[in-house]
Amino acid sequence: MARRSFLKNAAIGAGAGTILAAPAIVKAQPTIRWRCSSGFPKALDTIFGAAEDCAKRVSEATGGKFQITVAAAGEIVPMPQAADAVAAGTVECSHTAAFYYVGKDPTWALGTCVPFGMNFRQMNAWWKEGGGEKLFNDWLAPQGMRYLLGGNTGAQMGGWFRKEITSLEDVKGLKMRIPGLGGRLWAAMGAVPQQIPGGEIYAALEKGTIDATEWVGPYDDEKLGFNKVAKFYYYPGFWEGGASLGWLINSKAWDALPAEYKQILTAASHESNNAMMARYDARNAPALRRLIAGGTQIKPFSRPVMEGFYKAAQDMYREIGSGNANFKRMHDSYAAFQRESVSWMRVTENTFDDFMAAMLRT
């Protein structure tokens, strides 16, 4: 009897010790405060909100010991300077699109997307299983930074235009807000690309400073009001077939984190990667219906226009790769993975999607 009582009390004590251990572990960790300069305006609850959601998850998982304060683009540093601010340690991190920094090096684009590139699932697969994450971070490390995927928009719309694009001739001289290698590609076709932060695009389009703009898709574009100043809404955004976003992190700040905090931030970032895609998939369809009901004219880019851009994109990759070994090495890996993945998805995903689209139209 005494033995049973002892064992019972010991088990209760062990259980109590386990219950008490978790707060003790949290208390033993340091209090860390990071600042994040977002690449996006606060008005966009899906794309800006992804960083806030991730920061909230990190705080909750560490009992409030690891706090990340997210500031909108321009509040700490202008969006184009965020990468420099992270590298210098002015801020510990930025939630951004890597391709905003292709002016520094075209290799940055492969952390987000390239024209006629992979979709959301293919990009995730290359990043986690095809060596993309290691390739990108090995390249980024000498610059004093690392990158965690933390969001995706899915395939984007092709943007808002004041006039119709019926042929490649209509592209020439067009002043268009478009970042990344997409901007370089449109320039090759005769357009005049502009890189303008999200919060400033509406005014530029309204004033006629630009003739067209792309952003993301119906949900965000409706919030930014582009339908009020341009009526032609083209699709698809062939330069952003699945645009990844991520956490650009100062290497010294990352290395100073306890191992548990690194794992928590990584897990929260992965969670926000999936959550952002789910939100866009849920919100874009009703937003597109509202835009059409309000008079927006949606139009597909013609096959000749897309084929012309596709050929120019392949020429661009060869040209960049001939003078940039880092880009070539990474893009070769990316392109090989894409070929394999597209071949597989044609068998199942695409066939099933095409059938369901035909059935649901009726």
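Which residues does Phe136 touch, not counting residues up to four places away in sequence? I began there, keeping in mind that this is a predicted model.

**Entry 1: Phe136**

I found Phe136 in helix H5, residues 132-140. Its contacts are Ala98, Thr107, Trp108, Leu110, Gly111, Trp127, Tyr147 and Met330. I then looked up its accessibility: Phe136 has a relative accessible area of 0% and is therefore buried, the cut-off being under 20%. Ser302 lies 166 residues from Phe136 along the chain, and their C-alpha atoms are separated by 34 Å.

**Entry 2: helix H2**

I went next to H2, which covers residues 49-61 and has 13 residues. From first C-alpha to last it reaches 18 Å, close to the 18 Å expected at 1.5 Å a residue. I listed the buried residues of H2 as Gly49, Ala50, Ala51, Cys54, Ala55, Val58 and Ser59. I noted in general that an α-helix has 3.6 residues a turn, so residues three or four places apart point the same way. After H2 comes Gly63, and I read its phi as positive, near 60 degrees.

**Entry 3: strand S3**

S3 pairs with S10 over four bridges in the antiparallel sense. Within that pairing I find Thr96 opposite Gly246 in S10.

**Entry 4: helices H4 and H10**

How do H4 and H10 cross, left-handed or right-handed? I recorded the crossing as right-handed. The axes of H4 (residues 120-129) and H10 come within 12 Å and cross at roughly 170 degrees. Angles over 145 degrees count as roughly antiparallel, and H4 and H10 are therefore roughly antiparallel to each other. On the H4 side I noted Phe120, Asn124 and Lys128, which meet His270, Asn273, Asn274 and Met277 in H10.

**Entry 5: the six-stranded sheet**

I traced an open sheet of six strands in the order S7-S6-S8-S5-S9-S11, with mixed pairing. S7 (192-194) and S11 (297-300) are at the edges with a single partner strand each, so one side of each has no neighbour in the sheet. Inside the order I looked at S5 (residues 159-161) and S9 (residues 232-235), which run antiparallel and are joined by three bridges. Phe161 stands opposite Phe232 in S9.

Conventions:
Residues are numbered from 1 along each chain as its sequence is written. This is a predicted model: local features need pLDDT of at least 70, side-chain atom pairs count only at pLDDT 80 or more; totals for chains, interfaces and linings use all residues. Side-chain values use heavy atoms; hydrogens and water are left out. Two strands pair if DSSP finds at least two bridges between them. Helices (H or I, at least four residues) and strands (E, at least two) are DSSP runs, numbered from the N terminus. The expected span of a helix is 1.5 Å times one less than its number of residues. Buried means under 20% relative accessible area, exposed over 50%, partly exposed in between (1.4 Å probe, protein chains only). Axes are lines fitted to C-alpha atoms, for helices over the stretch in contact, and angles run from 0 to 180 degrees between N-to-C directions. Angles under 35 degrees count as roughly parallel, over 145 as roughly antiparallel, 65 to 115 as roughly perpendicular and the rest as oblique. A crossing is left-handed if the near helix is turned anticlockwise from the far one by less than a right angle, and right-handed if clockwise. Contact means heavy atoms within 4.5 Å.
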